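Subject: Structure handover

Hello,

Here is the structure for you to open. My notes follow below it.

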Amino acid sequence: MIKRTAPANLMVVFGASGDLAKRKLMPSLFHLFRQKLLHKGFVVLGYARTAMTDEEFRTQVGDALREHQAEEHGDAFDEEAWQRFSQMLFYQTGGYDDLGSFQSLAARVVALDDEFPTQHNHLFYLATPPNVFEPIASLLNEVGLTAAGDGGWTRLIIEKPFGHDLQSAHKLNDHLLSVFHEDQIYRIDHYLGKETVQNILVFRFGNGIFEPIWNRNYVDHVQITVSESLGVGTRGGYYDKSGAIRDMVQNHMMQLVALTAMEPPVAYDAESVRNQKVNVLRSIRPTDPLEVNKSVVRAQYAAGLAGGKEIPGYLEAEGIPPNSTTETYVAWKLEIDNWRWNGVPFYIRTGKALPTKVTEVNVMFRRPPLMYFDSRETRGQKVRNSITLRIQPDESIILGFDAKRPGPQLDVEQVSMDFVYGRAFGNSAISDAYERLLLDAMLGDSTLFIRRDETELAWDRVTNVLDGWEIQEEIMRKRGKTLPLPQYEAGTWGPLESDDLLARDGHHWREPILNGSK
């Protein structure tokens, strides 16, 4: 396997003093540097409103890296590597909507291009609030930084949230494409950089024993769970403007659905893979806003114990209006109208203040036509064969099947065979998702990034649900009332209405069991 080493480039990180840069971007870049995957002509120019010198920025980054090393790995910090890496870091103070600041930025970029062998390759990373995405793009264009020059390339990485609904996503796309070409824009979803997410395609299309059964003839239904054990904490003011469906479903969960359900691409390249993901999203049956309750459940958590901590109810959290109808939990029955999946429901759920933090895809298979072992001893224990793709934690793939327990009677129990990444390759082999995605962007590989039509199709399906909820709330407002949402106690797996969503089809939610035990 040829080692994938990034070309020379100057990476400008907007929002360099923020939490994302400290916790994810800088640690990932430092790890790439230690693996010798960055070119000697690689330079980082941080940009933010906070006034700092180059040395103050380096000190801040160094402190963040040491803290990250202690929290994530617990081993000694590589001071020698840091001293070399720190000399590649620079900083520029400026506003996000100020032409003069961007003219100074452009001059600094030219100076660094002259000082280092960057080959005039420029990568702009927008680790900023979404309200400044458009001003940054406009000013980059105005000062001449959007066009590639002197044989180099220019690319833009943009973080979520990518829009607030279909209309805003469409507007943002139009704006970005007025100053960049589509092949220059890298819409990032860090879930796509996780090892198990990437392995969905390898598992499906690289193994002849699984691909033939990955369809409606053998699969009964699919469950996708993305759960968090924490409540909103002090981020209530931000979260109340988004909710679970915007925060998780439109991006992470729709991507997991697409990767699980897509057809084999004609080649493993960006265009072919993303074409097939778009086909899946286009095949998801749109929800009728007037019948949203038939397929979607939303709820808010009440006070309880989750993740070992007492959590106040959502409506009692800091920054939350007492009459808020923002959902902290959503469950959705998706129907995919294509040849492979017709009649196979995809049940997705996500929420805050649930029993544990876990992300997994469960593919549940049909039962055999004759249950020979549905005897007196086994009746009531009809657990389906399953394949679990666990994204986090304990990254693993687990096959669940029936076996006879030792003993004189026919006692059948579900057992599992599992592949755990950390056990097979060592925990050190599992890199942060941002490492892979940053390296891909530098290499110009957009396979794991999201194309315009992907994000707009996902928003189209989600906006139908949002419209249905708005209709319900408007009806209640006209009556002078607030729409009551179902409640679930913090530390439980959601409201009873979510269980009913599956029970109507004769199914039940599969509770995740961690540590590779099932």
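Start with leucine 483, which counts as buried at 18% relative accessibility. Buried means under 20% relative accessible area, exposed means over 50%, and partly exposed is in between, with a 1.4 Å probe and protein chains only. Leucine 483 sits in the loop between helix 13 (452–478) and strand 17 (487–489). Helices (H or I, at least four residues) and strands (E, at least two) are DSSP runs, numbered from the N terminus. Setting aside neighbours within four places in sequence, leucine 483 is in contact with Arg298, Thr325, Gln472, Glu473 and Met476. Contact means heavy atoms within 4.5 Å. Threonine 325 is 158 residues away from leucine 483 in sequence, yet their C-alpha atoms are 7.0 Å apart.

Some ground rules before you go further. This is a predicted model, in which local features need pLDDT of at least 70 and side-chain atom pairs count only at pLDDT 80 or more, while totals for chains, interfaces and linings use all residues. Residues are numbered from 1 along each chain as its sequence is written, and side-chain values use heavy atoms, with hydrogens and water left out.

The whole chain

The protein chain has 14 helices and 17 strands. A compact globule of 518 residues would have a radius of gyration near 24 Å, and the chain agrees, with 24 Å. That radius is taken over C-alpha atoms, and the globule rule is 2.2 Å times the number of residues to the power 0.38. The C-alpha trace spans about 80 × 60 × 45 Å along its principal axes. Of the 518 residues, 55% count as buried. Among contacts with a separation of 6 or more, 78% are between residues 24 or more positions apart.

The chain exposes about 22900 Å², and carbon and sulfur atoms supply 52% of that. These areas come from the Shrake-Rupley method with a 1.4 Å probe; for residues, only the protein chains shown count as cover.

There are 56 positive and 70 negative side chains, and the centres of the two sets lie 5 Å apart. Lys and Arg count as positive, Asp and Glu as negative; His and the chain ends are not counted. Each charge is placed at NZ of Lys, CZ of Arg, CG of Asp or CD of Glu.

Aromatic rings

The structure holds 21 aromatic pairs. One of them is phenylalanine 203 with tryptophan 214, an edge-to-face pair at 6.0 Å centre to centre and 70 degrees between the planes. Phenylalanine 203 lies in helix 7 (residues 195–205) and tryptophan 214 in the loop between helix 7 and strand 7 (219–227), so the pair ties together parts eleven residues apart in sequence. Rings of Phe, Tyr and Trp (its six-membered ring) pair if their centres lie within 6.5 Å; planes under 30 degrees apart are stacked, over 60 edge-to-face, and the rest tilted. Phenylalanine 203 is buried, at 8% relative accessible area. Tryptophan 214 is buried too, at 0%.

Phe14, Tyr47, Tyr96, Phe102 and Phe124 form one aromatic cluster.

Leucine 105 is in helix 4 and is buried, at 0% relative accessibility. Not counting residues up to four places away, leucine 105 touches Val12, Phe14, Leu45, Tyr47, Gln92, Leu140 and Leu145.

Arginine 155 lies in strand 5 (residues 154–158). Is arginine 155 buried or exposed? At 12% relative accessibility, arginine 155 counts as buried. Beyond four places in sequence, its contacts include His122, Phe124, Tyr186 and Met442.

Backbone points to check

Most residues other than glycine have a negative phi, and most peptide bonds are trans. Here are some exceptions.

- Lysine 160 and proline 161 are joined by a cis peptide bond, with omega about 5 degrees. Proline 161 is in the loop between strand 5 and helix 6 (166–179).
- Glutamine 392 and proline 393 are also joined by a cis peptide bond, with omega about -15 degrees. Proline 393 is in the loop between strand 14 (386–392) and strand 15 (396–404).
- Lysine 36 has a positive phi, near 60 degrees. Lysine 36 is exposed, at 62% relative accessibility.
- Glutamine 119 has a positive phi, near 60 degrees. Glutamine 119 is partly exposed, at 46% relative accessibility.

Best wishes
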